[in-house]
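I opened the model to look up a few things. My notes follow in the order I checked them.

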Amino acid sequence: MSTESQIAVHWREEEYIQPPPGFIGQANAADPALLEQFREENFPDSYRAYADLLTWDTYWHTILDTSEPPFWKWFAGGRLNACYNCVDRHLAANRNKAAFLWVPEPETELTRTLTYQELYTQVNEVAALLRDLGLREGDRVTLHLPMVPELPVCMLACARLGVVHSQVFGGFSGTACGDRIADSGSRILITMDGYHRAGKLSDHKAKADEAVVTAAKLGQQVEKVLVWRRYPDRYLSAGDMVEGRDVFVDDLLPRHRGQRVDPVPMPAEAPLFLMYSSGTTGRPKGCQHSTGGYLAYVAGTSKYYQDIHPTDTYWCAADIGWITGHSYIVYGPLALGATSVLYEGVPTHPDAGRCWRIAERLGVNIFHTAPTTIRMLRKLGPDEPARYAYHFKHMTTVGEPIEPEVWRWYHDVVGKGEAVVVDTWWMTETGGFLGATLPALQPMKPGSCGPGVLGIYPVIYDEEGNVVERGSGRAGNVCIRNPWPGVLQTIWGQPDRFVQLYYGRYCRDAKSTDWHDWPFLCGDGAVQAADGYLRILGRIDDVINVAGHRLGTKELESAALTVPEVAEAAAVPVIDELRGRVVEMYVALNPGKEPSQEIEDKVTHAIDQQIGKIARPHAVWIVPDMPKTRSGKIMRRVIAAVSNFADVGDVTTLANPEIVEKIRRQVQSAK
Ligand code: WTA
C-alpha cells in the first residue's frame, strides 16, 4: 500500500440517506429502467444513449472498435464538431439564453452575461483570428488563462477548427507552462495581461515571457503570444510586449468582426484537448481526450448525475484549468444547453458568504465544489448559508474523499436539507465521473462516492491481481474492467507510457483484442462495500492530492534539487484539517553546507517558480540524512509517518535506521 493509503482516515459508517422527495419527482434519471439499460450484458451498446445526446455530421457505424488495444475507438466512423454541439445547435431555440454568467472579482463589478448568440459571435471571431494565424486541424495551442469568459471562448474557437487546446491552470508558473508548451508542441500561446485573485491583481503576462523562454530551451519556439487585454489603462508591464511575437487580441479582433467560420466536422476519434496531469515521473502527462467519446460522456453524465435541465442555473465552482472545469463547466453543461456560472477569485474573499451571495443573486440551483472548499467554508462561516435565500436542488462534491461530518454540514447547512448530494469520484484521465450515485435512484452514503456510474464496472485487485471481494473490508487497487467513451486516448507523445501506466499492471494478455483482458488502473486505493459502493482511500502512485490538486512528488523534488545546496529531497503528504493533505519537503544538504532559513526559503521559492504557488510546501525540513533502503531508495513512507506522528513500522532493514529517530526528534519537537 502507498503512503497515501496508509495514512488514510478510515471511517466505518454505513448510513443510507434518501434524496428529498421533491428532487425525485423532477429528476432526469427517474426511471430504474435506465439502470437496466446499462447492465453489463448491454455494454457497449448502452452508450448509444449518450452518443444520441449529440448532433453528428456523419453518424458512426461502430460503437466500440477494439482492434488496437488499449487504444479504444468509440463511435468509429462518426464525424461531429464539439463547438457546434455546444453552441450553434442551441441558437434556434435559445439564442438569447445565458450560456455563461461570469462573476468577476471584485464583487463590485457586475455579473456579465454571455448569451448563446454572443458566445457564437465571439467564438467565430476568435476562430477566424486563429485560422488566419495559420492554425489547422490537429495543431496544438496552449492557453494560460484565468477564470474569464475568454477562456471558454478560446477553447470553443479551437474546437470549431479542430485545433487541440491545452489549457494550463492559470495559477501555474511560467516555467510549468513552458514545459507544457514544449511537450505539446504549441506554436501559439494565448494569455491575459492580469487578473484578480483574493484582492490581488497579478501581472500574468510576465509568466508568458518565462514560459516562452522555458519552451525555447526545450526546443519549442513560440511564434505568437496572444494577449487578452483586461486592464488597458493599467497594464502592468506594457513595455514588455515583444515586437513581432506578442500581440494584443483586441488589436487583431476588429479585423474579424462579424466573420463566420464553418465548424469542421471532425472524426469522433480526433483529439479535442490535452489536459496535463502529474504522475510518477517529473515529465507531465498530456492526457489526450477525444471529440466524440469525450463529449458524449460528459453530456450523458451531466444529464443523469448532475441532473442538468435546460432551465437550471448550474454553478461548478472549480477552475476551468482542471479537468473538472473542462468537463463540468464548459463541455457537459453547454452540450446540454444549460446556463453555466463562471466565477473569478476564491470562495473566502472578501468573506465566507461569497458563494451563497452569488447563488442567491443568480438563482443557482445546482452547486458543485470540492471538500477542501466545504471544509474551509464550514470553518470560516458556519452560519453564512442560512443568511442567504438560495435553494439548491442538487450539490456535487469532487476531488477528494469527503469526511462524513463535513458531508453532513454540506447536506444540512449548505443544502438546507433540500438538496441531494452527489459525491463524484474520477480523475483527469477518465474524462468524466467513474463512481457516484444516480441522485434519484440510488441512496447517498456519506463518505462513500457510490457504485460505478452507468456503464462503468469497477473491480478491486490486490497486488497479485486477485479480485478483492466486495464487503471483505480489504483495500486494494481500484480498476475499471471495461473501456468507456470518456477514457483518455493516450498520453500525448508517449503511447508506451500510456499503455504501461494504465494497463501494464493488470493486463491479462497483451495480444488480446477482447477488452475484458484490459482492466484500467485508476491509481487510487479503495474499499468496496457489499452494496458495491466505493470508499476511495487516496492515490497509490507518487501523487499528493492537496486541496484537490494533484502534485507529483517527483516534480516537487526536482524543483527542490535545483537549489545548489540541496543534495536530496523527499516530498511527503501530511494530513491537514482543511486541505485534506499538505506537502512537507524534506531535504538533505551537500557536504559542508549548514542548515539555514535562507536554504529553506530557497526551496520554497524554487517550487513557486517551477510549479506555482499552489504547490508551495507547508514546511521545509532540513535533515542530516534521508532514511534509505539498502539499495539507496529514499523511504518516503517512513518520513511521512514521522511527519504525521504515525507508527513508522519496522525500520530495522533500512541502511541507516538510526536516522529515523533523529528526524523524529527534530520534527516532532518543532511541530
Ligand atoms: C481524487 C479530479 C475521493 C482521487 C476530478 C483521484 C477523489 C484524484 C474524488 C484525481 C472523490 C477525485 N473521492 N477521491 N469524489 N474525486 N479524487 O486528476 O485520488 O485532478 O485519483 O481529477 O483525485 O484528481 P484529478
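I am working from a predicted model.

Next I looked up where T372 sits. I find T372 in helix α15, which spans residues 371-380. Then I listed what T372 touches, leaving out residues up to four places away in sequence. The contacts are E400, A547, L578 and R579.

I then checked the record for annotated regions. UniProt, in an unreviewed entry, puts "domain: AMP-binding enzyme C-terminal" at residues 555-633. I computed the make-up of residues 555-633: 25% helix and 32% strand. The end C-alpha atoms of that stretch lie 17 Å apart.

I moved on to a sheet. I count 8 strands in an open sheet with mixed pairing. I read the order as β12-β11-β8-β6-β7-β14-β15-β23. Which strands stand at the edges? They are β12 (246-248) and β23 (490-491). Each has a single partner strand, so one side of each has no neighbour in the sheet.

Strand β15 (residues 285-290) runs antiparallel to β23, and 2 bridges join them. I note Q288 with T490 of β23 as its bridge partner.

Last, I checked helices against the sheet. Helix α10 (residues 205-217) lies across β8 (188-192), β11 (224-228) and β12. I get about 160 degrees between α10 and β8. Helix α12 (residues 292-304) lies across β14 (271-277) and β15. Here α12 runs at about 80 degrees to β15.

Methods:
Residues numbered from 1 in each chain as written. Predicted model: local features only at pLDDT ≥ 70, side-chain atom pairs only at ≥ 80, totals over all residues. Heavy atoms only, no water. Pairing = 2+ DSSP bridges. Helix = DSSP H or I, 4+ residues; strand = E, 2+ residues; numbered from the N terminus. Contact = heavy atoms within 4.5 Å. Axes fitted to C-alpha atoms, helices over the stretch in contact; angles between N-to-C directions. UniProt positions renumbered as here; feature names shortened; annotations may be inferred.
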